[in-house]
Amino acid sequence: GQETLKDKKVIRIFGIAWSDTKEGSVYFRAPPDSAKQTIYVCVECDSSVPSPERCEVCANDSPKLIKVDAYKPKYYIANWTDHPKYDGNIETKNQKVLEDYRIENTSQSTYFRNFSLESNQGIITSINTNEMKGFNFIKTSIEDLTGEHRGKSSGVWFKQNNSADVEDPGESIQGIYCEKFTDFLKISCKSPPNYMQEAEDTSYQALKDAWLSLGELFKKGIELREDIEPSELAIKSKYDGGQWVIYLSDTLDNGAGYSSRYSEPGEFKELCAYINDRIIEGFKEESHLDCLTSCHLCLRNYHNRIEHHRLSWRLGVELFNAMYTNSLTLLSEPFWDSVVKKYIPTLLGSSIGKRLSIEQYEGRSFYRLVHDQELQFAILPWHPFEFGGREMILFQNRLRSDLNHTNVYPICPNEFNSSPMTVSQSVSEKYRDDVRASKNKNGSKH
């Protein structure tokens, strides 16, 4: 269903095919075995998995998997004639493509500070599942094609049957894939701290977004140092084999050498220094601090448009610092101020209908919410990577007991930035429920 432009005419793709030649003629044939493979995809995390028993990405022993009968097309089919003229509009679909990395040649891991680096060569398989709905290819005759050239070929091809789209694909679907042999650099954490290994649901999503953002940060650093286009490198972040990793790959077949170059600790050290001193310092400039998540001046570009909603320069910087300087802020760094001290309390206070005062306790900021002299509440912003952890719960209890708060509501800044109205409504409802419960309790005493 994708469209492309050629000679001011819109070419619409609606089928796939394979061909051979015989006695000077071209004939279409059924797909060879080398162009078919079975791939399992986890519904929970949209990741390809090597076997149907376990998903290593989301660590699920009983994952819900979809079997993908995938084809590697040699050709994409369109009519030879009857193309509409270009009217200034091209129908495009931003479809999510799954990627699987199969290592064939690898080097010994090297280290720089708390970064672990591994240079690899292998095959990257890109899988299109049509947003997990699958395709409906039907085998048909070449005579069904229109145009003057149809009589010069013979055989069969596979047509996408749009009228047979199924909302619930069941346990097996059809997909298409392509393969590329290239260089890629695997970046991970040498000694991951507890919050990377024992993440709660909210912090897991924050870490997932942070590793993607860090990958874009490394990609941006290489692009600027090497003066290359964003399309010449690709990144993929995932939870693989019990650890978070970034795969940074050259987009050219057989690689252009960028990925393998930065697997050298000396080159990677220079890259990190460039990112820290030039790029991150630019992010922290006053004119950019009002960027709550990401923008075209930091991490966004045309090529990562499908992931714009997940990119966060603050999370990328925090994760970079966690491995570059072994430090994690308590949301106390100035670059968090526009979020923690301005955006969140303003929007939350408006939603609740009360003014929130920003106060400090044990070096951490929280928002005091005063209902009356007897009912006082606290809203506690906590670092996205450690949200829901033991330290947060202990601090929440101290805040409640030491400062005599009726209740303490923790919030994750990353979740708030992503869904501000949802989080504000949730806190507002909890606050009103606690007020009603307290009034009912006091009323029952009289």
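Modeller: The axes of H2 and helix H5 (residues 313-324) cross at roughly 80° and come within 7 Å. The model is predicted.

Colleague: Why are H2 and H5 called roughly perpendicular to each other?

Modeller: Angles from 65 to 115 degrees count as roughly perpendicular. The axes of H2 and H5 cross at roughly 80°, and the two helices are therefore roughly perpendicular to each other.

Colleague: Which residues make this contact, and what is its make-up by class?

Modeller: H2 contributes Ala206, Asp209, Ala210, Trp211, Ser213, Leu214, Leu217 and Phe218, while H5 contributes Leu315, Gly316, Leu319, Phe320 and Met323. By class, the contact of H2 with H5 has ten nonpolar, two polar and one charged residues.

Colleague: What makes H2 and H4 roughly perpendicular?

Modeller: The axes of helix H2 (residues 201-226) and helix H4 (residues 265-283) cross at roughly 100° and come within 9 Å. The range for roughly perpendicular is 65 to 115 degrees, and H2 and H4 are therefore given that description. Among the residues in contact are Leu217, Phe218 and Ile222 of H2, together with Phe268, Leu271 and Ile275 of H4. This contact of H2 with H4 has twelve nonpolar, one polar and four charged residues.

Colleague: How do you know that the span of H2 agrees with its 26 residues?

Modeller: The expected span is 1.5 Å times one less than the number of residues. For H2 this should be 38 Å, and the end C-alpha atoms are 38 Å apart, so the two values agree. Just after H2, Asp227 takes a positive phi of about 55°.

Colleague: Why is one side of strand E17 and of strand E20 left without a neighbour in the sheet?

Modeller: The sheet is open and has four strands in the order E17-E18-E19-E20, with mixed pairing. E17 (357-361) and E20 (407-411) stand at the edges and each has a single partner strand, so one side of each has no neighbour in the sheet. From one strand to the next, the twist averages 35°.

Colleague: What makes E19 and E20 a pair?

Modeller: Pairing requires at least two bridges. Five bridges join E19 (residues 376-381) to E20, and these strands run parallel. Leu380 stands opposite Pro410 in E20.

Colleague: Which strands does helix H6 touch?

Modeller: Helix H6 (residues 337-352) packs on the sheet and touches E17, E18 (364-370), E19 and E20; the direction of H6 makes about 20° with that of E18. Helix H7 (residues 390-402) also packs on the sheet, touching E17, E18, E19 and E20, and its direction makes about 145° with that of E20.

Colleague: What makes the approach of Phe137 to Gln174 a polar contact?

Modeller: The cut-off is 3.5 Å. The backbone nitrogen of Phe137 lies 2.7 Å from a polar atom of the Gln174 side chain. Gln174 is found in strand E14 (residues 172-189).

Methods
Residues are numbered from 1 along each chain as its sequence is written. This is a predicted model: local features need pLDDT of at least 70, side-chain atom pairs count only at pLDDT 80 or more; totals for chains, interfaces and linings use all residues. Side-chain values use heavy atoms; hydrogens and water are left out. Axes are lines fitted to C-alpha atoms, for helices over the stretch in contact, and angles run from 0 to 180 degrees between N-to-C directions. Contact means heavy atoms within 4.5 Å. Angles under 35 degrees count as roughly parallel, over 145 as roughly antiparallel, 65 to 115 as roughly perpendicular and the rest as oblique. Ala, Val, Leu, Ile, Met, Phe, Trp, Tyr, Cys and Pro count as nonpolar, Asp, Glu, Lys and Arg as charged, and the others, Gly among them, as polar. A polar contact is a pair of N or O atoms within 3.5 Å; within protein, one must be able to donate a hydrogen and the other to accept it, and residues adjacent in sequence count only if both atoms are side-chain atoms.
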